[in-house]
Amino acid sequence: MTAIRTAEAFDALHPFSFETDGGGRIVRVGKSLGKLFPEAVRAHLWTDVFELLQPSQLSPATAPSGLRGEVITLVNPRHRGLRLRGQVVCLADEPERYIFSLLPLTWEASQLVQLGLDITDFEVGTLIFDFLLYAQAQTAARERARETNLRLEWDTKIARLLHQVTLDTYAAPDLKSAYRIAVESVCHTLDWEVGHLLVRPTQDSEYLVSSEVWSISDVEAYADL
């Protein structure tokens, strides 16, 4: 029963981690990490299963004693989309056993699902699930803030345009001049290269006709209009 509780605790706290003996052989793999590998990785040297990406200045020894306390980044050659970051911990009661305590370098659960995991691998209340929820919430909040700022900038731009057009057309000497001011203001504000105004010939007309008012940023480019 003790062994079962220990295995459950390991999976709950270190779902993407693995444990090695003093010779560098993998003796235990976290549940989520184990699902990513079609082959059994137990009894393999950890250096045969993972590549050490960080710290690059250290050459990985068979036993990870030289990596204790370092922030490391590992990748499996067959699943290069999943990178794991964490530390190597020496078990206090077993000095020749090490845990590579790791978390995936990812921001969304969907990224892990694409690598072969199922959403049921993440249970509410576990560290990895809470981390993913927090990261997704932060990403969603930033996206909402960006969209809100864009809408505010657009609304401000249009409000300023309407205000300025109202002032400028009010002082125009005739209707056609007012039309030209309005079209040029709109094109300038919205970065339109060509603008043309259609109007009703009479108030009750059901069709539009050309006002003969144009705004063209490059006359030569549109000479055939």
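# Questions on cysteines, rings, strands and a helix

Colleague: Which accessibility class does Cys90 fall into?
Modeller: Buried means under 20% relative accessible area, exposed means over 50%, and partly exposed lies in between (1.4 Å probe, protein chains only). Cys90 has a relative accessibility of 23%, so Cys90 counts as partly exposed.

Colleague: What kind of model is this?
Modeller: Residues are numbered from 1 along each chain as its sequence is written, and side-chain values use heavy atoms, without hydrogens or water. Local features need pLDDT of at least 70, side-chain atom pairs count only at pLDDT 80 or more, and totals for chains, interfaces and linings use all residues, since the model is predicted.

Colleague: Is Cys187 buried or exposed?
Modeller: Its relative accessibility is 4%, so the class is clear. Cys187 counts as buried.

Colleague: How many disulfides does the structure hold?
Modeller: A disulfide is a pair of cysteine sulfur atoms within 2.5 Å. By that cut-off, the number of disulfides in the structure is 0.

Colleague: How many helices and strands does the chain have?
Modeller: Helices (H or I, at least four residues) and strands (E, at least two) are DSSP runs, numbered from the N terminus. From that end the elements run α-β-β-α-α-β-β-β-β-α-α-α-β-β. The count is 6 helices and 8 strands.

Colleague: What share of the chain's residues is buried?
Modeller: The chain has 225 residues. The buried share is 28%.

Colleague: What is the strand order in the open sheet?
Modeller: Strands of a sheet pair through backbone hydrogen bonds, either parallel or antiparallel. Two strands count as paired if DSSP finds at least two bridges between them. This open sheet has 6 strands with antiparallel pairing, in the order 2-1-6-5-4-3.

Colleague: Which strands are at the edges of this sheet?
Modeller: An edge strand here pairs on one side only. The edge strands are strand 2 and strand 3.

Colleague: How many residues join strand 4 to strand 5 in their hairpin?
Modeller: Strand 4 (residues 72-76) runs antiparallel to strand 5, with 5 bridges between them. Val75 stands opposite Arg83 of strand 5. The hairpin connects the two strands through 2 residues.

Colleague: Which residue of strand 6 stands opposite Val88?
Modeller: Strand 5 (residues 79-91) and strand 6 are antiparallel and joined by 8 bridges. Val89 stands opposite Ile99 in strand 6. Opposite Val88 stands Phe100.

Colleague: How are the rings of Phe18 and Phe50 arranged?
Modeller: Rings of Phe, Tyr and Trp (its six-membered ring) pair if their centres lie within 6.5 Å; planes under 30 degrees apart count as stacked, over 60 as edge-to-face, and the rest as tilted. By this rule there are 3 aromatic pairs. Phe18 and Phe50 are 4.7 Å apart centre to centre, with 5° between the planes, and this pair is stacked.

Colleague: How many residues apart are Phe18 and Phe50?
Modeller: Phe18 lies in strand 1 (residues 18-20), and Phe50 lies in the loop between helix 3 (46-49) and strand 3 (51-54). Both Phe18 and Phe50 are buried. The pair links distant parts of the chain, and the separation is 32 residues.

Colleague: Which class describes the pair of Trp46 and Phe100?
Modeller: The ring centres are 4.9 Å apart. The planes of Trp46 and Phe100 meet at 45°, so the pair is tilted.

Colleague: How far apart in sequence are the parts that Trp46 and Phe100 tie together?
Modeller: Trp46 is in helix 3, whereas Phe100 is in strand 6 (residues 94-104). Trp46 is buried at 0% relative accessibility, and Phe100 is buried with a relative accessible area of 0%. The pair therefore ties together parts separated in sequence by 54 residues.

Colleague: Which residue caps the N-terminal end of helix 6?
Modeller: A polar contact is a pair of N or O atoms within 3.5 Å; within protein, one must be able to donate a hydrogen and the other to accept it, and residues adjacent in sequence count only if both atoms are side-chain atoms. Here a side-chain oxygen lies 3.3 Å from the backbone nitrogen of Lys176. The capping residue is Asp174.

Colleague: How far apart are the end C-alpha atoms of helix 6?
Modeller: The expected span of a helix is 1.5 Å times one less than its number of residues. Helix 6 (residues 175-190) has 16 residues, so it should span 22 Å. The model agrees with this, at 23 Å.
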